[in-house]
Amino acid sequence: MNITFYCSRRVYSYCVLRLMYHKNINRYMPSSGGSMRQYQCNFVHMQSSTKETKKLSAVSLLPTKLKEFVEESMQICRPSNVHVCDGSEVENALLIDKLLKAGTVVPLPKYKNCFLARSSIKDVARVESRTFICTKNRRDAVNIPKGTTKGIMGNWMSLEDANEAIKTRFDGCMEDRTMYVIPFSMGPLNSPYSKIGVQLTDSAYVVCSMRIMTRMGTDVLEKLSSNEENCYFVKALHSVGKPISGLVEHSHWPCDPERTLILHKPEYDEIISYGSGYGGNSLLGKKCFALRIGSTIARREGWLAEHMLILGVTDPKGRKRYIVAAFPSACGKTNMAMMKPSLPGYKIECVGDDIVWMKFDTNGQLRAINPEFGFFGVAPGTSQATNPVAMDTIFENTIFTNVAQTSDGGVYWEGMEDPAQGVTINDWLGNSWVKGSKTPAAHPNSRFCTPANQCPIIDENWDSPEGVPIDAILFGGRRPEGVPLVYESFDWKHGVFIGASMKSEATAAAEHTGKIIMHDPFAMRPFFGYNFGNYLKHWLSMENIPNAKLPKIYHVNWFRKDENGKFMWPGYGENSRVLDWILRRINEEPNTANITPIGYTPTKETFNTFGLKVDFDKLFSVPKHFWTEEAKEVANFLYEQLDEDLPKEIEEQIKNLIDRLNFSK
Ligand code: OXD
Ligand code: MN
């Protein structure tokens, strides 16, 4: 193999210093310089005066475990170059330049340092049907449904089949390309809650996006080698696959959609992703690590890795609380995390919009970090009206994917304010587009990938190694019928049952289409790293943590419609009224709740609807007929999906709900 190694002077110096330290070398002479070169050097041992003339690449100088991972993957993928990433501005500029030359991205001169990528039409979303958890025993990865029921909580593949699939896909898949080595941290590098990963990829688009979404580069390498005996990292191997000849018009976006496969081996903390460059399939720190592998690590270590936003809310008296909320993909987590509250005196600050890692500390306080470093948000629907904070965040240092482009060098998507007179639009495929066209301008799952610290309301503790204290957990979804705006669980077990019963209208974030209502327990259905029954047991076990102060649990639904199909609640900034009530509950204000069969709902006196035209009674009604059907359907779902894996406590919750409904008016 004749491979060229690239890295920056910084990475190389780091590697050389390590080697000098370990091998007792006193001096080295770099034979080349520059910002991003092929580095090699001669080492001089002062004691023996011997001059080592061996060419040493940055890879050969990496911590042993990492070196082995890279070298083994090089043997399989056979790249022509290897580039160890340092995460610097210079490196990023170099890669963007490469992407511009390849036509993978185009510049957006209207904004500062923003680019637009157009993917292949066959590679636009997560592919849940091709995503697998690979374990020795099937039941460790997925719950076993009853009889012939099809399981919907993830897919299992045996390790043997996975290894065979990897062999047939990865053999020589990086020939004539560069393999990038991306050291990254999920969470602040110095936080006890954080974990390190290393992703190998053949996509420069992925490197640039990972630089936005994670803390990546030389600092992470340094952290890895600071404790070489316990050098731990999650291994993530990614290839877009070879370009396929049939997709000539998208040759700038190599992918292999027919053979795409996303595999997770939780027993080895490994991720292997092939064939797709789309974010959820290729930015392996996000769904693959922070949720699927993360949830298995969390179970092992006694914490929670969840599909949730984190926000800080300060009331008019200056009391601040942090809240996490789990909504299925594309249900408005980013909007809520960046909410501009309509209620006077309230302030919202954003910690994260998609993923949370949280753990009870030794004082029993639940503390959370956002393991990510950026936002990979759904663009359509984002506007000055719906999310002005996001609009103030995303027009700098951002990679947009599959949005429409305007003739003045900007972007456009459905819901966004119209461009100025005379400005024309090209849709996400690059074709000329006019308002009223049958096809959308932007792909419904088009995204912005933007640094979190650009958010004008980013919380002062968003990057804090100790995380933030959590006082409430919200579950929610798009429920057009029957489900009140907000209700509170009776206790922790009931809250876990509410999470298990979550449902929502399908979205464009994955391959599902249509407005069907799908079960999405804990908003984790596509992201469980292990058997959902065991996941429920893990959540239930939090009650046994000595002195754990269990946060209150709520269900919210911004999407209830009236008999004319109109939304009953204005949503967005008005959702601060729901937070106001939740804070009253947390602060144990008296007379704030009515008891209903499904949980506590707000009293009219303590839920602020001042200035709004809403029908309070309808918004909070708990229709007996609807809920009796709902309870039956949820019970059926849980019994059929989980069968033997259904925890006794959840069975009890089902019975209790049915009993409460039977005895209600
Ligand atoms: C996401 C998703 O991209 O949930 O965040 O699909
Ligand atoms: Mn998500």
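Lys493, His494, Val496 and Phe497 of helix α12 meet Glu649, Ile650, Gln653, Ile654, Leu657 and Arg660 of helix α17. This is a predicted model. Helix α17 also packs against α16.

**Helix α12 against helix α17**

- Helix α12 covers residues 492-500.
- The axes of α12 and α17 come within 10 Å and cross at roughly 90°.
- That angle falls in the range from 65 to 115 degrees, so α12 is roughly perpendicular to α17.
- The residues of this contact divide into 5 nonpolar, 2 polar and 3 charged.

**Helix α16 against helix α17**

- Two packed helices are described by the angle between their axes and the distance between the axes.
- Helix α16 spans residues 624-642, and helix α17 spans residues 648-662.
- Their axes lie 10 Å apart, at an angle of about 165°.
- An angle over 145 degrees counts as roughly antiparallel, and α16 and α17 are therefore roughly antiparallel to each other.
- The crossing of α16 past α17 is left-handed.
- From α16, the contact uses Lys624, Trp627, Thr628, Ala631, Ala635, Leu638 and Tyr639.
- From α17, it uses Ile650, Glu651, Ile654, Leu657, Ile658, Leu661 and Asn662.
- By class, the contact of α16 with α17 has 10 nonpolar, 2 polar and 2 charged residues.
- Ile650, Ile654 and Leu657 of α17 take part in the contact with α16, and they also meet α12.

**The manganese ion**

- The manganese ion (ligand 2) has three protein donors: Lys287 (NZ), His307 (NE2) and Asp354 (OD).
- These donors lie 2.2 Å from the ion.
- Along the chain, the donors follow the spacing K-x19-H-x46-D.
- Lys287 sits in helix α9 (residues 285-301), while His307 sits in the loop between β17 (304-306) and β18 (309-314).
- The pair therefore ties together parts that are 20 residues apart in sequence.
- Both Lys287 and His307 are buried.

- Most residues other than glycine have a negative phi.
- Asn113 has a phi near 55°, a positive value in a residue other than glycine.
- Asn113 lies in the loop between β7 (105-107) and β8 (115-117).
- Asn113 counts as partly exposed, because its relative accessibility is 38%.
- Asp269 is not a glycine either, yet its phi is positive, at about 50°.
- The loop between β15 (261-265) and β16 (270-274) holds Asp269.
- Asp269 has a relative accessible area of 6%, so it is buried.

- Tyr600 belongs to strand β37, which runs over residues 599-602.
- Tyr600 is partly exposed, at a relative accessible area of 22%.
- Buried would mean under 20%.
- Tyr600 and Tyr487 are 113 residues apart in sequence, but their C-alpha atoms are 5.3 Å apart in space.
- Not counting residues up to four places away in sequence, Tyr600 touches a list of residues including Val486, Tyr487, Glu488, Trp581, Arg585 and Ala593.
- Lys604 is placed in the loop between β37 and α15 (616-619).
- Lys604 is partly exposed, with a relative accessible area of 46%.
- Lys604 and Ala593 are 11 residues apart in sequence and 8.9 Å apart in space, C-alpha to C-alpha.
- Neighbours within four places aside, Lys604 is in contact with Phe616 and Asp617.

Definitions and conventions:
Residues numbered from 1 in each chain as written. Chains lettered and ligands numbered in written order. Predicted model: local features only at pLDDT ≥ 70, side-chain atom pairs only at ≥ 80, totals over all residues. Heavy atoms only, no water. Helix = DSSP H or I, 4+ residues; strand = E, 2+ residues; numbered from the N terminus. Buried < 20%, exposed > 50% of the residue type's maximum accessible area, 1.4 Å probe, protein only. Contact = heavy atoms within 4.5 Å. Axes fitted to C-alpha atoms, helices over the stretch in contact; angles between N-to-C directions. Parallel < 35°, antiparallel > 145°, perpendicular 65-115°, else oblique. Left-handed = near helix turned anticlockwise from the far one by under 90°. Nonpolar A, V, L, I, M, F, W, Y, C, P; charged D, E, K, R; others polar. Donors = N, O, S within 2.8 Å, 3.2 Å for Na, K, Ca; no water.
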